[in-house]
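My entries follow in the order of looking.

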Amino acid sequence: MLPEDFRQIDMSSIKAVLGTTTYTRGEQYARDHAVIQMSWDPAAKELWGEVAGTAREPYSASAFVASVPGRTVYRYGICTCPVGMNCKHVAALLITAMRQARSEAQAAVAPTEGASPGSLPPAPPFRGPAG
């Protein structure tokens, strides 16, 4: 599970560091599910992941963030791809982390959010054991 920090990540900080073109390419990689795995190191504020690219083996990418009041900002990223730093693989990693963190948060509250006993659908009638 990813920390709440990634629900609040400042996407403009990612675009500012990576540039619009790289960010857009990273969005496509994220949509294509190119992020194979990821993990979070809270002490280093490092998000690490493996991202599929054009090479036979996936690239290893790391994104470093900083917490500021009310949001998380992207600082820089490194990758084993030929670009090496602040590339589309790092963008895909960050975008995937943000989407996953938001999805996890929604799933955690979905069963009870806005539901009152009267708004729930009725249970199907009990038919007893089949036999």
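For accessibility I take buried as under 20% relative accessible area, exposed as over 50%, and partly exposed as in between, with a 1.4 Å probe and protein chains only. The model is predicted, so I note that local features need pLDDT of at least 70 and side-chain atom pairs pLDDT 80 or more, while totals for chains, interfaces and linings use all residues. Residues are numbered from 1 along each chain as its sequence is written, and side-chain values use heavy atoms, without hydrogens and water.

Entry: aromatic rings. I count rings of Phe, Tyr and Trp (its six-membered ring) as a pair if their centres lie within 6.5 Å; planes under 30 degrees apart are stacked, over 60 edge-to-face, the rest tilted. I found one aromatic pair in the structure. Phe64 and Tyr76 are stacked, at 4.7 Å centre to centre and 20 degrees between the planes. Phe64 is in strand β3 (residues 59-68) and Tyr76 in strand β4 (residues 71-79), so the pair ties together parts 12 residues apart in sequence. Helices (H or I, at least four residues) and strands (E, at least two) are DSSP runs, numbered from the N terminus. Buried or partly exposed? Phe64 is buried at 11% relative accessible area, whereas Tyr76 is partly exposed at 28%.

Entry: helix α1. In α1 (residues 11-18) I list Met11, Ser13, Ile14 and Leu18 as buried. Their directions fall within an arc of 160 degrees seen down the axis, so they line one face of the helix; the arc is taken from the helix axis to the C-beta atoms. Just after α1, Gly19 has a positive phi of about 90 degrees.

Entry: nonpolar core. I use the term for a set of buried Ala, Val, Leu, Ile, Met, Phe, Trp, Tyr and Cys residues joined through side-chain atoms within 4.5 Å. The largest such core has 30 residues, of which Phe6, Ile9, Ile14, Leu47, Val90 and Leu94 touch the most other members. Helix α3 (88-109) is among the elements that give two or more residues, and α3 gives the most, with nine.

Entry: Asp10. This residue lies in the segment before α1 and is buried, at 15% relative accessible area. I looked for polar contacts (N or O atoms within 3.5 Å; within protein, one able to donate a hydrogen and the other to accept it; sequence-adjacent residues only if both atoms are side-chain atoms). The Asp10 side chain makes one with the side chain of Ser12 at 2.5 Å and another with that of Arg71 at 2.2 Å.
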